[in-house]
Amino acid sequence: MTVRHTRRAFLSAATMMAAALAATACGSPQDTASGGGDSAAPVKVGLVYSQSGALASYGKQYIEGFKAGLDHATKGTGKVGDRKIELTEVDDAGDPAKAVSAAKDLIGKGAKIIAGSTASGVALQVAPIAAQNKVLFISGPAATDAITGANKYTFRSGRQSYQDVVTAKSFIGDPAGKKVVVFAQDGAFGDANEAAVKAVIGGAGASVSSVRAPASATEFTPFASQIKAAKPDLLFVAWAGTTAPAMWQTLDQQGVLSSTTVVTGLDIRASWPTFGAAGSKISFLSHYFDGASDTEAAKAAKAKIPGGTIDLFHPDGFAAAQMVVRAVQEGGDDVEKMVKALEGWTFDGVKGSMTIRAGDHALLQPMYQAKLSGSGTAFTAAAQKSLTGDETAPPVTQMKG
């Protein structure tokens, strides 16, 4: 996608959906900041995320959202009861080895909670460390489906790739008998996106094929011709990199955008100008954009986030802070109690009602269909439809550890 799903590429989703969800417990994290445990010692929380590297912009949004969420969940005190939430931030630069080293160091210094993981590759390496050391791990923007059900100590505060693809599927209604084409770059990124669309949309009855282009391609007319000849009901575009503006311009000029429904993911606001004149002709699946919701948590986030504009990954940080406060409220220093407190918990996040599914720790949450209007640097986004957490729920995954 022009969406920067390059490092958080869609993984193949399971093909069987379980019907029953675990029972949930309702409440907001700021309701009872009583603080589990007798000690007034600080609660040490390690935040390991990308402050530098390719995903630094994502990490910046995550930490801004986290601090806004902590302020909201603790009513401005930064405390749970008499206990201060003591944050230690470490830059993993998107490197799994650095993240693992940082997590181990923080755990050795007494942290019972680790949060962050901007990149999927990082999250997949930190999750086993949490299980080995029996500490709570709350992954952040990392979208890989494999984090769900990774182990009993691992949770997530953002969405996962399956929820993205289900949102894309919603643009064509019942997929049975529909033709879907995936336009993607050659390589692992394109492979993963194609596999996910085949599993999720193809698994629902659509015929899925692909048009693939070399990552080095700069001339896109031949590929546009192939797409038009296929006459798809839905074109799913998975593209990343500096050639995106030329790619979108060609699809627009060759009439692809006017001949079918074209869906891709809506990335952070800074990426929107890459769509050019094509921007208003594309249908977007969206995790979040400013104005997508009007919840109390969204209002609180806007009041605290620098600039007052909520971007793609601010909600992930905000939800992580809410989860940290909930865990400490109910569990004190007992990680097993923290886990139990989060499992099945329903809370009001920036996006709306969020539920942590008890069986595999999937985070059920709203997702959005969106459209852009305007042009260039003046694009604005509007929600065309909101999908509920139940409508975008991923298949139940067996807990691995």
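**View 1. Ser139 stands opposite Arg156 in E7.** This close-up of a predicted model starts where strand E6 (residues 136-139) and E7 run parallel, paired over three bridges. Two strands count as paired if DSSP finds at least two bridges between them. Helices (H or I, at least four residues) and strands (E, at least two) are DSSP runs, numbered from the N terminus. Residue numbers start from 1 along each chain as its sequence is written, side-chain values rest on heavy atoms, with hydrogens and water left out. Since this is a prediction, local features need pLDDT of at least 70 and side-chain atom pairs count only at pLDDT 80 or more, while totals for chains, interfaces and linings use all residues.

**View 2. The largest nonpolar core has 60 residues.** Such a core is a set of buried Ala, Val, Leu, Ile, Met, Phe, Trp, Tyr and Cys residues joined through side-chain atoms within 4.5 Å. Buried means under 20% relative accessible area, exposed over 50%, and partly exposed in between (1.4 Å probe, protein chains only). The residues with the most contacts inside this core are Leu47, Phe66, Leu136, Met323, Leu342, Phe347 and Ile356.

**View 3. Zooming in on Leu47.** Who is in contact with Leu47, once neighbours within four places in sequence are left aside? The list reads Tyr62, Ile63, Phe66, Leu87, Thr88, Glu89, Val90 and Ala115, where contact means heavy atoms within 4.5 Å.

**View 4. Aromatic pairs, 11 of them in the structure.** Rings of Phe, Tyr and Trp (its six-membered ring) pair if their centres lie within 6.5 Å; planes under 30 degrees apart are stacked, over 60 edge-to-face, and the rest tilted. Trp345 and Phe347 make a stacked pair, 4.3 Å centre to centre with 15 degrees between the planes. Both Trp345 and Phe347 are buried. Elsewhere to look: ring pairs tie Phe183, Phe220, Phe223 and Trp239 into a cluster.

**View 5. An open sheet of seven strands.** The order runs E9-E8-E10-E11-E12-E16-E17, again with mixed pairing. Strand E9 (207-213) and strand E17 (380-387) are the edges, each with a single partner strand, so one side of each has no neighbour in the sheet. On average, neighbouring strands are turned by 30 degrees against each other, direction ignored. Helix H6 (residues 221-230) packs on this sheet, touching strand E8 (179-185), E9 and strand E10 (234-238), and its direction makes about 170 degrees with that of E9.

**View 6. Two strand pairings within that sheet.** E8 and E9 pair in the parallel sense over seven bridges, with Lys179 opposite Ser207 in E9. Six of the seven residues of E8 are buried, so the rest of the structure largely encloses E8. Strand E12 (residues 283-286) and strand E16 (residues 367-373) are antiparallel partners over three bridges, and here Ser286 stands opposite Tyr368 in E16.

**View 7. Ile282, in the loop between strand E11 (261-265) and E12.** Is Ile282 buried or exposed? Its relative accessibility is 0%, so Ile282 counts as buried. Not counting residues up to four places away in sequence, Ile282 touches Trp248, Val262, Thr264, Phe275, Ala370 and Lys371.

**View 8. Helix H4 (residues 161-169) is largely enclosed.** Eight of the nine residues of H4 are buried: Ser161, Tyr162, Gln163, Asp164, Val165, Val166, Thr167 and Ala168. For the chain, 57% of the 401 residues count as buried.

Technical notes:
Axes are lines fitted to C-alpha atoms, for helices over the stretch in contact, and angles run from 0 to 180 degrees between N-to-C directions.
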